[in-house]
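Take a look at the structure below.

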Amino acid sequence: MNEWNDKTSEITGYTKEEAFDCCLVETFIVPSMQESVRHVLETALKGRGTSNYDLEFRTKSNEIRHLLVNATTRRDAENNIVGVVGVAQDVTEAVQRDRAVAGMALELRQLIDTANAPIFGIDINGNVNEWNRRTQEITGYSKEETFDEPLVERFIAKHIRKKVQEILDSALQGIETSNYELEFLSKSGEPAFMLVNATTRRDPEFNVVGVVGVAQDVTEDRKHAEELRKMQYLQALQEAKVETERNMTAYFAHELRNPLGAIDSALSVMPENIPDSAKSLVSGMQLCCSFMSSIMNNLLDVRKMEEGKMTLNKTPISLKALSRKVHKMLGPSVKPGVTFTESCTTNGKDWVLGDEHRLQQVMTNVITNAIKYTVGGSISIYMGWEGDDVKFECVDTGPGIPKREQEKLFQRFVMRGGAPGTGLGLAIAKHLVDLAGGSIRFDSDPSIQAGTACIVLLPLALCDPPEEGNNVIEMSLLDEPLLFLVIDDVRMNRTMLKRRLQTGIAPNCVLTEASTGEEALQIVGKQTFDVIIVDQYMEEAGGVMVGTDVVYAMRRMKVEALIIGCSGNDLYDEFHDAGADWVWQKPIPTNATIINRLREALLTKKLLASKKF
């Protein structure tokens with residue numbers, strides 16, 4: 001060294017005295033650059049200078065300083081080469097800054113490449129220039145397969161290419177888009193769905209150089225959403241099917257009960273002095289009406305089951321009387337040649353609290369099922385006790401039920417073989433038994449022996465027998481000249497009900513008829529009645545109002561008559577809410593029941609009327 005100015009001393013920390021006569025390369029240059037610096041100096045000593053050479057100086061404090069050097073040949077007065085002079089610029093801070101930027105760029109590159117989110121980018125021509133590992137995993141395409149390929153034409157689903165191109169064009173103009181769904185075509189042919197934010201990419205001079213897309217893989221979410229939509233669609237179809245079944249059930253129940261009610265009323269007013277052969281036919285027709293009525297009840301009970309509206313009304317029941325009643329009622333249905341026996345052993349525990357109608361329904365449905373399949377041999381029913389439970393058992397000699405099919409028979413619309421029926425009886429029986437907290441099961445194995453036993457256990461509480469006379473229905477006819485208003489759109493229904501009322505219930509009554517609710521309201525505005533019987537649906541006569549509408553209107557008009565709602569459907573709650581005193585379900589109750597209820601209701605109304613005065 002033979003030249004070392006103050007600035008060099010300041011930068012390196014070495015004084016001129018310390019630097020003079022020292023070897024530049026070995027003393028001040030970092031080892032990794034010594035060879036190249038030696039070459040630059042040798043070249044300058046040959047007369048060829050070097051410009052803007054990056055030199056790394058080691059300072060006295062062992063730090064590295066970066067100098068940008070111009071190495072120039074030094075000559076004497078005779079132009080002989082006597083050395084080399086370096087004019088330098090300290091660029092240490094700039095180099096450090098560049099390295100920091102480069103480090104950040106490297107970190108960003110690593111972040112993009114290893115990010116869990118798919119990241120891809122395009123240049124201003126729409127060709128791919130960014131494709132991280134996650135994007136490779138999702139699409140199946142490697143970086144090498146995608147670079148410099150047109151993104152939209154090559155990798156985007158055809159039906160959304162136009163829209164995606166518009167979004168990318170907008171981003172290249174600085175208009176960014178968030179959360180748009182993009183469908184990639186994967187290498188396997190399967191669609192890959194991504195939710196993308198398209199961001200404009202700029203260079204240091206703020207010029208637009210492309211678009212980068214940061215995405216979220218929503219393929220699985222899309223699949224789950226599609227599966228959910230399918231499930232919702234299937235559920236909606238099922239609900240619509242169930243609702244259609246319910247509506248059809250209500251429709252058929254109503255439409256069948258109307259003629260059934262008329263037939264039942266006609267049979268009820270048959271004269272007593274008809275021949276025995278005719279009486280037998282009437283008895284058979286009444287049995288058929290009863291059977292049809294039970295089918296309608298089963299259909300309506302299914303709807304109650306589905307809507308959770310089936311309830312039990314507990315009253316005192318005589319087990320012996322119920323067993324005999326069911327045996328007598330179903331005896332005529334047993335096939336010729338089949339013995340049908342009944343036994344009841346209560347050991348002094350005859351009276352229990354329960355819903356007699358529903359218990360009779362369970363027994364009837366179970367026995368009817370046995371009657372269907374027993375063409376020879378016997379059917380025996382037994383009523384008694386098993387521990388604290390009432391036990392009802394029906395044993396038949398029919399073909400038997402395989403064990404694998406036994407539970408299925410308690411499901412709706414399930415039947416065995418070609419026997420007639422609706423497939424509802426046992427399902428309703430099981431629901432009623434479950435409602436009462438009991439159990440019902442089959443005991444049968446055709447592989448060992450023909451025949452089936454159906455066993456029902458019910459936890460019914462013991463009670464005292466009712467007082468004498470409480471259950472006696474008074475059969476004497478109503479002699480009072482009662483005023484009746486019958487509202488029904490079917491003329492035959494009105495005629496048969498009128499004949500039944502005048503023949504077997506209230507022979508001195510005076511009847512007025514109306515075919516629509518609107519006509520009835522006009523009549524009650526001018527005349528008072530003791531009893532008003534109103535059907536629910538009256539569209540055949542052009543009526544708009546249904547029966548419950550008519551009842552509401554009459555009560556608003558302060559009509560104090562005994563109002564009876566009448567329908568083929570289960571509309572107890574609807575009629576009672578409207579203000580009806582009683583509800584008949586077609587076929588209507590027996591004459592004895594009607595007489596008893598009318599006498600009680602009319603007496604109550606008279607008592608209430610007398611108290612007002």
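## Salt bridges

Glu-393 is buried, with a relative accessible area of 19%. Here buried means under 20% relative accessible area, exposed means over 50%, and partly exposed lies in between (1.4 Å probe, protein chains only). The partner of Glu-393 is Lys-391, and their side chains meet in a salt bridge, 3.6 Å from N to O. Lys-391 is buried too, at 15% relative accessible area. A salt bridge is a side-chain nitrogen of Lys or Arg within 4 Å of a carboxyl oxygen of Asp or Glu. Elsewhere, salt bridges that share partners join Glu-26, Glu-35 and Arg-38 into one network.

A word on the source. This is a predicted model, where local features need pLDDT of at least 70 and side-chain atom pairs count only at pLDDT 80 or more, while totals for chains, interfaces and linings use all residues. Residues are numbered from 1 along each chain as its sequence is written, and side-chain values use heavy atoms, with hydrogens and water left out.

How many salt bridges does a search of the whole structure find? The count is 18. The table gives three of the pairs.

| Pair | N to O distance | Relative accessible area |
|---|---|---|
| Lys-60 and Glu-18 | 2.7 Å | Lys-60 47%, Glu-18 33% |
| Glu-137 and Arg-134 | 3.0 Å | Glu-137 58%, Arg-134 24% |
| Lys-391 and Glu-393 | 3.6 Å | Lys-391 15%, Glu-393 19% |

Start with Lys-60, which forms a salt bridge with Glu-18. Lys-60 sits in the loop between E1 and E2, and Glu-18 in helix H2 (residues 16-19), so this pair ties together parts that are 42 residues apart in sequence. Helices (H or I, at least four residues) and strands (E, at least two) are DSSP runs, numbered from the N terminus. Both ends are partly exposed: Lys-60 and Glu-18.

Glu-137 counts as exposed, whereas Arg-134 counts as partly exposed.

## The second largest pocket

Which element gives the most to the lining? Strand E3 does, with 7 residues. Among the other elements that each supply at least two residues are helix H1 (6-12), helix H4 (31-45) and strand E2 (64-75). By class, the lining has 21 nonpolar, 7 polar and 4 charged residues. Ala, Val, Leu, Ile, Met, Phe, Trp, Tyr, Cys and Pro count as nonpolar, Asp, Glu, Lys and Arg as charged, and the others, Gly among them, as polar.

Helix H4 also contains Leu-45. Leu-45 is partly exposed, at 42% relative accessibility. The C-alpha atoms of Leu-45 and Thr-73 are 5.9 Å apart, though 28 residues separate the two along the chain.

## Backbone angles

Most residues other than glycine have a negative phi. Asn-62 has a positive phi of about 70°, and it is not a glycine. Asn-62 lies in the loop between E1 and E2 and counts as exposed, at 52% relative accessibility. Asn-179 also has a positive phi, near 55°. Asn-179 is placed in strand E6 (residues 177-185) and is exposed, at 55% relative accessibility.

In helix H15 (residues 425-435) the buried residues include Leu-426, Ile-428 and Leu-432.
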